[in-house]
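Please look over the structure shown below before reading on.

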Amino acid sequence: MENGVAKMETPTNVTIKGILGLLMANLDYENKKRVISLGMGDPTAFSCFTTTSVAEDAVVDALTSQKFNGYSPTVGLPQARKAISEYLSINLPYKLSPDDVFITAGCTQAIEVAISILARPNSNILVPKPGFPIYELCAAFRNVEIRHFDLLPENNWEVDLDAIDALADHNTVAIVIINPGNPCGNVYSYQHLKKIAETAKKHKVVVIADEVYGHLAFGQNPFVPMGVFGSMVPVLTLGSLSKRWIVPGWRLGWFVTTDPNSMFKNTKTVERLKKYFDICGGPATFIQAAVPRIIKETSDTFFMKTLDILKHTSDVCMKKIEDIPCLTCPTKPQGSMAMMVKLNVSLLKDIHDDIDFCFKLAKEESVILLPGLTVGLKNWVRITFAAEPSLLEEALERIKTFSRRHSYDTNGYI
């Protein structure tokens, strides 16, 4: 309290954009090297990643039609909700209704909606470590406690289910699952997702399924939506056009109740959701209007091209990292656009931790990586491999040069 007024504290959580901003500010522009950022999950920064002409034409036609210059319903345009429900239903053993779909300004707003709707006094949410720090930030604003469970690098970054059993209590309201994984590049098997669903059912909590990288799987495991288990446990599916269609700036996302038995989705909850969306600003109406055509007319060829590039660039990362002794990747990426790499600072003579490594790398080599501490793992780094292959190779060569320069022993460098 201050002068009789409750004082609001600003959350101190570290954010990806905040750290990347500091790294960019630390660049030495006198070294003349072009900046290569492998820190942000925005593939549009590289010319090899472009959206399909179908999406562009759909947006242009919706805009120039003069039919979508007004407000949309706060829950989203009916035709957009219908298209998304049909799109998601393709991979489910039941059919979603348009009423299950709420249009959001990207997946980030869907995260904020999920936490806000579930928040109650003394509640907690179980979140993966490493993970996506927006969950912590949103929870801080809603006074929701975050409890972290580990992802196991030696087991393809699977969830530590024993940790969930130890962490969950009567105040736990949800478990967050990010699949395909950011920041780890993992893709969970059907069997592992089923075990997660069984664990959530045992603790009587919903699963928040962050599937913003949905279908971006190029390894052994196919993408399986968590909603497949919606009859066992209520699932709140979060997603967007951003990654699969390579349009993160369009801010078209969704919050979906994949809950066919209405265990979570009762009349009271639906009414609460609708009222909450009355205070949310969704995406532009003309972007929403383009969604049915975007989903219906995008070819598999476009999707396969993106997957082929991501598989190639992830392979480039793995191969190049083998030549950098202070970096190791325990698991080959199977999906998404990023991977976690372990940093052995004991091999480096004047690098204290991952933060120090990334800041000195930015200054000396104009290469941006995300410190692992930002996503919950000290002395790891996240590398975004959604990049132009030639620039990715150049960046990794610079990282190798930097690491050799700061190494106690240079004999391990080829």
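What percentage of the 414 residues in the protein chain is buried? Buried residues, meaning those under 20% relative accessible area with a 1.4 Å probe and protein chains only, make up 58% of the 414 residues. This is a predicted model, in which local features need pLDDT of at least 70 and side-chain atom pairs count only at pLDDT 80 or more, while totals for chains, interfaces and linings use all residues. Residues are numbered from 1 along each chain as its sequence is written, and side-chain values use heavy atoms, with hydrogens and water left out.

The protein chain has 12 helices and 14 strands, which are DSSP runs numbered from the N terminus (helices are H or I, at least four residues; strands are E, at least two). Its radius of gyration, taken over C-alpha atoms, is compared with a globule rule of 2.2 Å times the number of residues to the power 0.38; because a compact globule of 414 residues would have a value near 22 Å, the 22 Å of the protein chain agrees. Among contacts (heavy atoms within 4.5 Å) with a separation of 6 or more, 74% join residues 24 or more positions apart.

| Element | Residues |
|---|---|
| helix 11 | residues 354–365 |
| helix 1 | residues 16–25 |
| strand 11 | residues 338–343 |
| helix 12 | residues 389–405 |

The buried residues of helix 11 include Phe357, Phe359 and Leu361, together with the charged-type Asp354 and Asp356.

How values were computed:
Buried means under 20% relative accessible area, exposed over 50%, partly exposed in between (1.4 Å probe, protein chains only). The expected span of a helix is 1.5 Å times one less than its number of residues.
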